[in-house]
Amino acid sequence: MKTFALSPSTGAGSPEVAGFFDPRTFSIQYVVSDPATGKCAIIDPVHDFDEKSGATATHHADELLAYVKEKGFEVEWVLDTHPHADHFSAAQYLSEKTGAPTAIGEKVVEVQKLWKEIYHWPDFPADGSQWDRLFAEGDTFAIGELEVRVMFSPGHTLASITYVVGDAAFVHDTLFQPDFGTARADFPGGDAHQLWRSIQAILALPDDTRLFTGHDYMPDGREPEWESTVREQRETNKHLAGSVTEDDYTVMRDQRDSELPMPKLILHSLQVNTRGGRLPEPEANGKRYLKIPLDALEGAAWE
């Protein structure tokens, strides 16, 4: 199975993008680098967690560090596109290893407020202070000499953002590969109408913009893929191509989402990812504990 692919720079102002696929969570992590300076950012890194044993590890994050070292890159940012519901973020671990600041979209505070209530965390600071920087719509920053523009892309979550780096856009869980379609919008705070509008904003980027997704679920057993273009998505995405209207899309999305179970790690991962990728603090016996609320979400196997 393919677990790594390199998308080369297409010229001045274009990043080189290395994608690392995690088969356990179907997630893709990215190292985005500026060929002119060797500066890079890491996007959506995975902190390994085995839900059956409760074990945690940093195998995937360490693979990113090894790649960065091999290439001689300097990490300038550790970025998340949103608080993930299906894996732990390794943002804090990588920040500690590299000294690079962490960042996410500013609407993460709304996600924190929502999950603060679900987890009954009365003392939890739902203010985004767990990250070094919170990005707003239209904010810009740099990876080396490359300008990065932030697009607010809600719908899958309240806080989802897209990073546009030259001719590359990191679209997280809005679009998947064209043969799989688009992301669900039924998580707490999700909204199919917002997702439609976010997707339309992404599809308004130049046709040859490279789009990098956050997951790939390998329909029909094909090899993992995570790169497409705006043109390919507009013309062939199974949920969007043709004369699909916003109403058509939201009816389809709501119906499809009603048939999907909740991700198996949603209650585990959000209590880590709303804290910037920090694991729970050790208790008096030195062990860390997750707190799983019962009857907090819909979508049980028997519903």
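# Notebook: sheets, helices and salt bridges in a predicted model

I looked up the open sheet first: three strands lie in the order β6-β5-β8, with antiparallel pairing. β6 (55–57) and β8 (88–89) stand at the edges with a single partner strand each, so one side of each is left without a neighbour in the sheet. I took two strands as paired if DSSP finds at least two bridges between them. Helices (H or I, at least four residues) and strands (E, at least two) are DSSP runs, numbered from the N terminus.

**Basis of the entries.** I note that this is a predicted model, in which local features need pLDDT of at least 70 and side-chain atom pairs count only at pLDDT 80 or more, while totals for chains, interfaces and linings use all residues. Residues are numbered from 1 along each chain as its sequence is written, and side-chain values use heavy atoms, with hydrogens and water left out.

**Strand pairings.** I then examined the individual pairs. Strand β5 (residues 46–50) runs antiparallel to β6, and three bridges join them. Within this pair, D50 stands opposite A55 in β6. Elsewhere I found strand β4 (residues 39–43) paired with strand β7 (residues 74–79) in the parallel sense, over five bridges. K39 is placed opposite E74 in β7. β7 also pairs with strand β9 (residues 102–105), in the parallel sense and over two bridges. For L79, I recorded A103 in β9 as the bridge partner. As background, strands of a sheet pair through backbone hydrogen bonds, either parallel or antiparallel.

**Helices α1 and α2.** I looked up how helix α1 (residues 59–71) packs on helix α2 (residues 91–98): the angle is about 35° and the axes are 10 Å apart. The axes are lines fitted to C-alpha atoms, for helices over the stretch in contact, and angles run from 0 to 180 degrees between N-to-C directions. The crossing of α1 and α2 is right-handed, a term that applies when the near helix is turned clockwise from the far one by less than a right angle, anticlockwise being left-handed. A61, D62, L64 and L65 in α1 meet Y93, L94, K97 and T98 in α2, where contact means heavy atoms within 4.5 Å. The residues of this contact divide into five nonpolar, one polar and two charged. In this division Ala, Val, Leu, Ile, Met, Phe, Trp, Tyr, Cys and Pro count as nonpolar, Asp, Glu, Lys and Arg as charged, and the others, Gly among them, as polar.

**Helix α7.** Which residues of α7 are buried? I listed I266, L267, H268, S269, L270, Q271, V272 and N273. Eight of the eight residues of helix α7 (residues 266–273) are thus buried, so the helix is largely enclosed by the rest of the structure. Buried means under 20% relative accessible area, exposed over 50%, and partly exposed in between (1.4 Å probe, protein chains only). The buried residues of α7 pack against β5, β8 and α3 (108–119).

**Salt bridges.** I counted a salt bridge where a side-chain nitrogen of Lys or Arg lies within 4 Å of a carboxyl oxygen of Asp or Glu. By this rule the count comes to 16 salt bridges.

- E246 and R197 meet through their side chains at 3.0 Å, N to O. E246 lies in helix α6 (residues 246–258) and R197 in helix α4 (residues 192–203), so the pair ties together parts that are 49 residues apart in sequence. E246 is partly exposed, at 22% relative accessibility.
- D207 forms a salt bridge with R234, with the closest N and O atoms 2.9 Å apart. D207 lies in the loop between α4 and β15 (210–213) and R234 in helix α5 (residues 230–236), so the pair ties together parts that are 27 residues apart in sequence. D207 is partly exposed at 31%, and R234 is partly exposed at 34%.
- R222 forms a salt bridge with D216, the closest N and O atoms being 2.7 Å apart. R222 is partly exposed at 21%, whereas D216 is buried at 1%.
- R24, D50, E51 and K264 are linked in a network of salt bridges.

Most residues other than glycine have a negative phi. M218 lies in the loop between β15 and β16 (227–229) and is buried, with a relative accessible area of 15%. D295 lies in the segment after α7 and is exposed, with a relative accessible area of 82%.
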